[in-house]
Amino acid sequence: GMAYQQVNGVVSALPSIKKVRIFSLEAAKSKAMAKECSRSLGVDARVVERVEGCLRGSDVLVTATTAKTPVFDGSLVEEGTHVIAMGSYRPEARELDSELVSRASIFVDSREAALEEAGDLLIPIREGRITKEAIKAELSELVGAKRRGRRSSSEVTLFKCVGLAFEDNAAGWLAYRRALKRGIGRWSKL
């Protein structure tokens, strides 16, 4: 359900991205989404038959699943890839394997929430592959320039998002401000 918005967000933030590869267990929905991405975002969007088709040559990799176990072999993620993991938000579930998490520079929306909810991090911590100190920064620290993000072009970076109300509030506020500036929208009585 979040896939199109994720592609739209990445392409909007990084307009140099011209190719999008999509893998899903739901082939019909994937094909429809690829068609919509190509049409509305002006990218070459294609469905791949195996998840590995999304890993090779990717600058950005987004996972948005409800998986309970890793969806791909983390050793196949190439140097320099930025991974956005926004699914699997339970302590016992994960999209990413410990191999990928242990070699990535980890960033989160909230340390506290990630260390309560994110199986992608909690499971490798329980295995002894990483410690909670492996989290380099929270999103607010990056945006506020209190912490530094990527340090080299070969670094694999991981943003684990568990989704927080303040993020929804900020997005709503920005949309409201943009609508006011453009003179669009209308008030509705609820």
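In strand S7 (residues 157-160), Thr-157 and Phe-159 point one way, Leu-158 and Lys-160 point the other way, and all are buried. The model is a predicted one. S7 pairs with strand S4 (residues 82-85) and also with strand S5 (residues 105-108).

**Strand S7 and its partners**

- S4 and S7 run in the parallel sense, with 4 bridges between them.
- Within that pairing, Ile-84 stands opposite Phe-159 of S7.
- S5 and S7 also pair in the parallel sense, again over 4 bridges.
- Here Ile-106 has Leu-158 of S7 as its bridge partner.

- Asp-120 has a relative accessible area of 0%, so Asp-120 is buried.
- Lys-160 likewise counts as buried because its relative accessibility is 0%.

**Salt bridge between Glu-127 and Arg-94**

- Glu-127 and Arg-94 meet through their side chains in a salt bridge of 3.7 Å, N to O.
- This pair links distant parts of the chain, 33 residues apart: Glu-127 is in the loop between helix H6 (119-126) and strand S6 (135-138), and Arg-94 is in the loop between S4 and helix H4 (98-103).
- Glu-127 is partly exposed, its relative accessible area being 43%.
- Arg-94, in contrast, counts as buried, because its relative accessibility is 12% and the cut-off for buried is under 20%.

**Network around Asp-44**

- Salt bridges link Arg-21, Asp-44 and Arg-46 in a network.
- One of the salt bridges joins Asp-44 to Arg-46, with the closest N and O atoms 2.8 Å apart.
- Asp-44 counts as partly exposed at 27% relative accessibility.
- Arg-46 also counts as partly exposed, at 48% relative accessibility.

**Positive surface patch**

- Arg-177, Arg-178, Lys-181 and Arg-182 form a positive surface patch.
- One of these residues, Lys-181, is found in helix H8 (residues 165-182).
- Lys-181 counts as exposed because its relative accessibility is 78%, and exposed requires over 50%.

- Ser-88 has a phi near 40°, which is positive although the residue is not glycine.
- Ser-88 sits in the loop between S4 and H4, the loop that also holds Arg-94.
- With a relative accessible area of 3%, Ser-88 is buried.
- Ala-145, another residue other than glycine, has a positive phi near 60°.
- Ala-145 is placed in the loop between helix H7 (139-143) and S7.
- Ala-145 counts as exposed at 66% relative accessibility, whereas Ser-88 is buried.

Notes. Residues are numbered from 1 along each chain as its sequence is written. This is a predicted model: local features need pLDDT of at least 70, side-chain atom pairs count only at pLDDT 80 or more; totals for chains, interfaces and linings use all residues. Side-chain values use heavy atoms; hydrogens and water are left out. Patches are made of residues with over 30% relative accessible area and no salt bridge: like charges are joined within 9 Å, nonpolar side chains (Val, Leu, Ile, Met, Phe, Trp, Tyr) within 5 Å. Accessible areas come from the Shrake-Rupley method with a 1.4 Å probe; for residues, only the protein chains shown count as cover. A salt bridge is a side-chain nitrogen of Lys or Arg within 4 Å of a carboxyl oxygen of Asp or Glu. Lys and Arg count as positive and Asp and Glu as negative; His and the chain ends are not counted. The place of a charge is taken as NZ of Lys, CZ of Arg, CG of Asp or CD of Glu. Helices (H or I, at least four residues) and strands (E, at least two) are DSSP runs, numbered from the N terminus. Buried means under 20% relative accessible area, exposed over 50%, partly exposed in between (1.4 Å probe, protein chains only). Two strands pair if DSSP finds at least two bridges between them.
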